[in-house]
Amino acid sequence: MLAANGVLTPEVLIIGGGPGGYVAAIRAGQLGLDTVLVDGDRLGGTCLIRGCIPSKALIHVAGLYDEMVKAAGEKGRYGIHLGAAPSLDFAATIGWKNGVVERLSNGVSGLLRKARVNVVSGWAKFSDAKTCHVETVEGVITIRPEHVILATGSRPVELPFLPFGGKVISSTQALELTEVPKRLVVVGAGYIGMELGIAFAKLGAELVIVEAQDRILPLYDTTLTNPVRKWLERHGVVLHLGSKVNGISGDNLNIETALGERLALPADKVLVTVGRKPHTEGWGCEAMALAMDGRFVKVDDRCATATTNVWAIGDLVGEPMLAHKASAQGEMVAEIIAGHKRRFDPAAIPAVCFTEPEIVSVGLDVAGEQHVTGQFPFQANGRALSMDSGDDGGFVRTIADRQSGRILGIQAVGKHISELAGEFTALIEMGATLDDMAGVIHAHPTLGEAAHESALKALGRALHI
Ligand code: FAD
Ligand code: NAD
């Protein structure tokens, strides 16, 4: 809605076109709300432009290349012998990845158009909670909405003694490189460091990982991360756990190991992936009288902030900083504004790490006396063996309440198992018991049969082990 004074006065103004903001906008539009979405960048946010999608595109190519390199080796692979080693035009790989990103970003534009959302391209700044100024190429537009949804996302954390620039790069630059670095040092063995580090190792980089804690992927228990660690060992990746980075000098990254030894690690690129922080600066957050929860904007279980009719979602409001959480909150807030009764109270939010092998964790991951656990290895699953993915130590583990049999958590590690995350989450969200899970006929041969068997195992009647 355009007021007489040239000020836009929509029912809903959304700042940020990432998976939180653009999903909120689509849903608001579907519900007939007059909606404006503002983003200063291309539509899609961190997820589509410089996060989930480009990283998974790179991981895909890295996997193919790695297979081809193996097939070109003396022994070949599955009877396949490549006459010569494959060659990699990494600039073309990045070009292909950019095409995927472009296609999805354009897809988001189309969906917003279909939902009759007014998209304004420019950087937003609030002068108070309900007055927003957007710098566009045509000049400044002022917007005074009834409701504001803040979805400004997050930014990479920079280490003060290792600022981004030169050979020190964040995930954003790592996804834009035109050459595979010969020697790559990754600082931080969390989600991004492990996913991208492994991809670059498959693409031929000599990989060294420096992690402050005493294990990789500290978010997951070591039973789940052991197969990943074994992959790193088998592929000559050097791990410095419990180590401290001191800074960079010339070609070297200087670190202090857990044993107090000072090392200079030669590096062509240093990828710093030590976490992300909510994007709360430079857009007038302080002018909106919002309450904070540490670095995050504080919200209640409806994603309402401390200021009336100002809502906040996604990475801006806390962990887990995952795209699907942002989208679920965005959809919910749009419905609340339209008058629906909703709360953000999921039984579980799935976490997937696209390492080699992949890790999925949904719900409770530590079993106590009151729980029963069933674990089934992919080594005994026909589909895993037929895809040559049964021998990497992978398994599915189901944790249930001992008395009621209600499933509280399911984890898995193995090649291709990210696609099982939906089944695991659905079982927990729908309150399924071990008997329910055991009663579901799983198609043969599929990896899902291992999930079925893990429930049977917890019930004491596994069939294939
Ligand atoms: P964002 O996606 O960060 O979007 C925020 C948007 O707001 C941006 O487009 C920005 O331009 C815009 N914006 C900010 N300020 C302003 C302003 N003042 N004016 C106008 N526009 C503004 N998550 C997963 O679930 N799975 C994965 O596999 C995964 N992989 C990842 C890989 C990498 C390398 C990275 C970096 C992240 C990954 N994530 C993954 C995390 C995921 O990208 C984020 O959780 C998700 O994008 C958060 O969504 P959001 O909508 O809250 O914010
Ligand atoms: P992270 O929180 O996953 O991992 C950061 C790692 O850096 C931790 O292991 C931490 O101990 C380590 N660290 C911190 N300071 C350090 C230091 N000074 N020296 C050495 N190590 C240090 O953070 P990330 O990998 O940057 O990813 C950010 C967020 O993006 C994730 O938390 C996740 O929410 C999201 N993400 C999700 C996916 C996915 O869902 N598959 C993929 C990528 C990113």
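Helices (H or I, at least four residues) and strands (E, at least two) are taken as DSSP runs and are numbered from the N terminus. Under this scheme, glycine 439 belongs to helix H11, which comprises residues 434–439. The structure is a predicted model, in which local features need pLDDT of at least 70 and side-chain atom pairs count only at pLDDT 80 or more, while totals for chains, interfaces and linings use all residues. Residues are numbered from 1 along each chain as its sequence is written, chains are lettered from A and ligands numbered from 1 in the order in which they are written, and side-chain values use heavy atoms, with hydrogens and water left out.

Glycine 439 counts as exposed because its relative accessibility is 56%, where buried means under 20% relative accessible area, exposed over 50%, and partly exposed in between (1.4 Å probe, protein chains only). Between the C-alpha atoms of glycine 439 and leucine 364 the distance in space is 22 Å, and the two are 75 residues apart in sequence.

The surroundings of ligand 1 were examined next. A residue is near a molecule or strand if one of its heavy atoms lies within 4 Å of it, and 39 residues surround ligand 1, with Gly20, Asp39, Thr46, Lys56 and Asp315 the closest. At least two residues of this shell are supplied by each of strand E2 (35–39), helix H2 (45–50), H3, strand E4 (123–128) and helix H8 (323–337), and H2 gives the most, with four residues. The shell around ligand 1 divides into 15 nonpolar, 18 polar and six charged residues; here Ala, Val, Leu, Ile, Met, Phe, Trp, Tyr, Cys and Pro count as nonpolar, Asp, Glu, Lys and Arg as charged, and the others, Gly among them, as polar.

Polar contacts are pairs of N or O atoms within 3.5 Å; within protein, one must be able to donate a hydrogen and the other to accept it, and residues adjacent in sequence count only if both atoms are side-chain atoms. An oxygen atom of ligand 1 lies 3.1 Å from a polar backbone atom of methionine 321, and a polar side-chain atom of histidine 324 is 3.4 Å from an oxygen atom of ligand 1. Of the 1000 Å² of accessible area that ligand 1 has on its own, the protein covers 94%, the areas coming from the Shrake-Rupley method with a 1.4 Å probe, and for residues only the protein chains shown counting as cover.

Ligand 2 is surrounded by 22 residues, of which Ile192, Glu195, Glu211, Met321 and Val352 are the closest. Helix H6 (residues 191–202) gives the most to this shell, with four residues, and the shell divides into 13 nonpolar, six polar and three charged residues. A nitrogen atom of ligand 2 lies 2.7 Å from an N or O atom in the side chain of glutamate 195, and a nitrogen atom of ligand 2 is 2.7 Å from a polar backbone atom of valine 352.

Most residues other than glycine have a negative phi, and most peptide bonds are trans. The peptide bond from glutamate 356 to proline 357 is cis, with omega near -5°, and proline 357 is found in the loop between strand E21 (351–353) and strand E22 (358–363). Leucine 217, although not a glycine, has a positive phi of about 40°, and leucine 217 is buried, with a relative accessible area of 2%. Alanine 289 likewise has a positive phi, of about 55°, but is exposed, with a relative accessible area of 63%.
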